[in-house]
Number of protein chains: 4
Amino acid sequence: MLHIIRKRTFRVLEKASGDDRLSRWVDLFLIVLIMLNVVVVIMETVARFKSAYAVLFHYFDLFSIAVFSGEYVLRVWACTVDKRFGSPILGRLKYMLTPMALVDLMAVLPFYLMFMSFDSRFLRALRLFRLIRLVKIGRYSRSFRTFGNVLKSKKEELVINLFVIIVLLVIASSLMYHLEHERQPEAFASIPAAMWWGVSTLTTVGYGDVYPMTVVGKLLGAVIAILGIGTVALPTGILASGFAEEMTRRRTEPTLCPHCGEGLGESAPFPSPLIDREAERKAVGDS
Amino acid sequence: MLHIIRKRTFRVLEKASGDDRLSRWVDLFLIVLIMLNVVVVIMETVARFKSAYAVLFHYFDLFSIAVFSGEYVLRVWACTVDKRFGSPILGRLKYMLTPMALVDLMAVLPFYLMFMSFDSRFLRALRLFRLIRLVKIGRYSRSFRTFGNVLKSKKEELVINLFVIIVLLVIASSLMYHLEHERQPEAFASIPAAMWWGVSTLTTVGYGDVYPMTVVGKLLGAVIAILGIGTVALPTGILASGFAEEMTRRRTEPTLCPHCGEGLGESAPFPSPLIDREAERKAVGDS
Amino acid sequence: MLHIIRKRTFRVLEKASGDDRLSRWVDLFLIVLIMLNVVVVIMETVARFKSAYAVLFHYFDLFSIAVFSGEYVLRVWACTVDKRFGSPILGRLKYMLTPMALVDLMAVLPFYLMFMSFDSRFLRALRLFRLIRLVKIGRYSRSFRTFGNVLKSKKEELVINLFVIIVLLVIASSLMYHLEHERQPEAFASIPAAMWWGVSTLTTVGYGDVYPMTVVGKLLGAVIAILGIGTVALPTGILASGFAEEMTRRRTEPTLCPHCGEGLGESAPFPSPLIDREAERKAVGDS
Amino acid sequence: MLHIIRKRTFRVLEKASGDDRLSRWVDLFLIVLIMLNVVVVIMETVARFKSAYAVLFHYFDLFSIAVFSGEYVLRVWACTVDKRFGSPILGRLKYMLTPMALVDLMAVLPFYLMFMSFDSRFLRALRLFRLIRLVKIGRYSRSFRTFGNVLKSKKEELVINLFVIIVLLVIASSLMYHLEHERQPEAFASIPAAMWWGVSTLTTVGYGDVYPMTVVGKLLGAVIAILGIGTVALPTGILASGFAEEMTRRRTEPTLCPHCGEGLGESAPFPSPLIDREAERKAVGDS
């Protein structure tokens, strides 16, 4: 009997098949709750809202903690249905160390830690830490999955570029430090300080708080801006082509339901970029 | 007899075939009038022009309202020629709810609403609202059509990216708020306030009104600038490839006249990006 | 006899074949002179250089005028060798109206106009106008030719985009004017003034002299920045792909000498992007 | 006997084959030492670190000089193993003039030059010059090699673009100088000064220290920003496509060990972008 409930719990929490309405509503509820949490964390920092809705925010937080704690406990309890985490104790420990389970834990932990400390700075950090709940949405989001695939497929190119960017940044900032240090001892106090200028220029952000003022510095700055920008913007081109490849790949390889072999695309009731349970589906053997 | 006039009106207003000179001149007249309207709305906000040409602007506005109102009434009257809106009352109501008809209505409505209100702020908003006349040009413009097709074909990628950008923006701004709030309680008053910095940085606009000042804040800002820019610029790459595909598609699928089967490209008397009546053509069955 | 000299002059000035050493040296001399002219025009605006080298600059200017005037007169005299401009008077007039001949004329005209006016502002404009000599280099430059081809091949896409950019700019600036006018009556004095903000934002330049200050204005600004940037950066993607196509085309279609059918690529003595006489070559029938 | 030691030294320093553990550890040690050197040069410019760790930095510098000097001497001594530098004296001289050997020399030379001068500005420049040690890492880095290949393969396009960018910059800056000189005699003091604005705008950095203030100047600035940005961002598109081609090329042409013909990819113990000894491998004939 307990085994059947556990199996049902597992299915509801971990995978949504086309005919399981409860599972879908639970997913939707959790997605909405996560998003509301993010909105509340952001709103709480606005003085006007904080004073007006302090009580509401507090009860919403308690409610969220209750739901997410319950979700975490149920997930750990039901995970033994999955073959990989079959053993009652070691399997559950193994499950608790999977990235998504750790995120689930971290999403509720700050609340319980708040009772153990009274350092205000630490408490503020804990409040902000609730934003990690946003990562929980990664479980349901196809967007992150796609983006992750793109990053993975272009990892090598991106690492090469990051390396070249860092070298370019070090050289540009060191030269600029040397040229501008005497004229602007504050803004170009050291090479790391000059790097703030370097990042601001090479990324074309150009806040305008630091810029060369000597003639030679401006000359060097102009050359670096013209020659360097291509380098820093390269990852965009690389990601864009990776994205195009990923979309082509996804369209040619249709996602099939592992149980019946039918296409899943049409039956999804939620906006497509938000539901993707492929990963869990793969992990589950019995159905 | 009335039916023939209605049919003629419909043809003149709704579609331009190669041999209908009146229709073309009406199109050109309306395009020029719309553009002049936009110019006038813009000029009116310049104090110098407003005082100098107030009377001219006023009469031009009256003239435009008369033309656009007449155009709207004639379109609604003649729309029954189109099979989709065949029924005298229900068909016309259905036509009035099509997006372009709504735009036509909104283009003249502010004028009539002005007589019903004396709130100056509302009146100013109404004056600005006349800019919606610019959207009327969409009926004649191939540019918007092409652009719309590109957006539609890449919708999925763009939604995925927008989602990733928003998550990136929330995380970057929240961290920066936490790091800079104490040092700059004004600029980083709340997470939404910090998001203004986030947008300014991730889009590389970098106005320079807000930027990190603490050492850790600058470090985080530099990392976000280097890692995040690729993400925000991705849609450009996606749109550019979508554009290339759309242009290829358009060149390989020549636009044929639905009536005679001949190519239409060569006979267009107006600059190519401004005339495209494909949509109306498709909707009309009798000819 | 005169005919032979004219023919030789024409060949030396208008086309460089592999075995005509004089023609090549004349080309190189003119290229260097043009570049020196540009450097001198730039240097003259620097007070330090102007006072130090005023006399040198003056004589260099006289020398350049003499050379360029002579070049122009010789070109007009010799142009009748070209079949298109065969008639002694009408042919020469026709030649004088070709774009490059007009540029040649405009490159020397300011000097002669200087004697006819004493208005200092007009004189300053004339001095700057000498920069049009830079356009003369277009005759020898393959870079401009390639770039021109790319622009031509992507003309349609670029026009479509420019149209969309302008509409986007008008809408964004009008809305921002409406939202910020009361708070910043100076910076957002009118819609054209708000367009300065619009261009600065949509191009991501972001000087920081104008930016929204109200909460709603910042919200709109953020949305416009995120959604609009892709549009304004699109032409880059279009140009880049046009460039790639042009380079492929050029590599697969080797440039052959029209006289002997041999490849010309290898024998060019000057840096490749600077010499391209294809256009003149095509125009000349006899050889 | 000496010959065997020299051969071994050569192999350890110049090439790493899969089974030579010493060579790999020496490589790793040198890479780490180079990176630490860069970090130390950067840290030394920060007043706080300089005063705290002055002695440590000094001894680290002495140690680095010792290692790099030894490395240089050993490389010159052992280079005769390479057929190209076989002759004891002329071969070694030839080797000393190879780019990487010159870099090795320049990496240690500043230290010895410090004893010969007491001019503080020159000494500061020498300290900064130690950053050239960063270039030594190019010997081990596949990133730079890939990047260099991309630059080489797109050299022609990049040169064409640079030429167009410079012409655009000259024209834009000259016009802006003419328009803004009277209003802002400081910021637009000369055309070179106006070029600082030009670079800042065309690269979209937009520091905000210089921008047009007159109405006509802003109009021109807006036109230049919209039309010019595509041009300056073109190299990015060119580099991105060059990068894609290079990566495709590299994946289809697997790197084989020249000695045994087996693939080398899998056995590399260091992060892939850091080890690439292809160049040295090619140069060595005996194995």
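Author: Across the interface of chain A and chain D, four residue pairs are in polar contact, both residues of each pair being at pLDDT 80 or more; such a contact is a pair of N or O atoms within 3.5 Å, where within protein one must be able to donate a hydrogen and the other to accept it, and residues adjacent in sequence count only if both atoms are side-chain atoms. This is a predicted model, in which local features need pLDDT of at least 70 and side-chain atom pairs count only at pLDDT 80 or more, while totals for chains, interfaces and linings use all residues. Side-chain values use heavy atoms, with hydrogens and water left out, residues are numbered from 1 along each chain as its sequence is written, and chains are lettered from A and ligands numbered from 1 in the order in which they are written.

Between chain A and chain D the rule finds zero salt bridges, a salt bridge being a side-chain nitrogen of Lys or Arg within 4 Å of a carboxyl oxygen of Asp or Glu. The helices α9 (155–180), α10 (191–202) and α11 (215–252) of chain A each supply at least two residues of the side that touches chain D, helices being DSSP runs (H or I, at least four residues) numbered from the N terminus. Of these, α9(A) gives the largest share, 14 residues. Sorted by class, that side of chain A holds 27 nonpolar, 12 polar and four charged residues, where Ala, Val, Leu, Ile, Met, Phe, Trp, Tyr, Cys and Pro count as nonpolar, Asp, Glu, Lys and Arg as charged, and the others, Gly among them, as polar.
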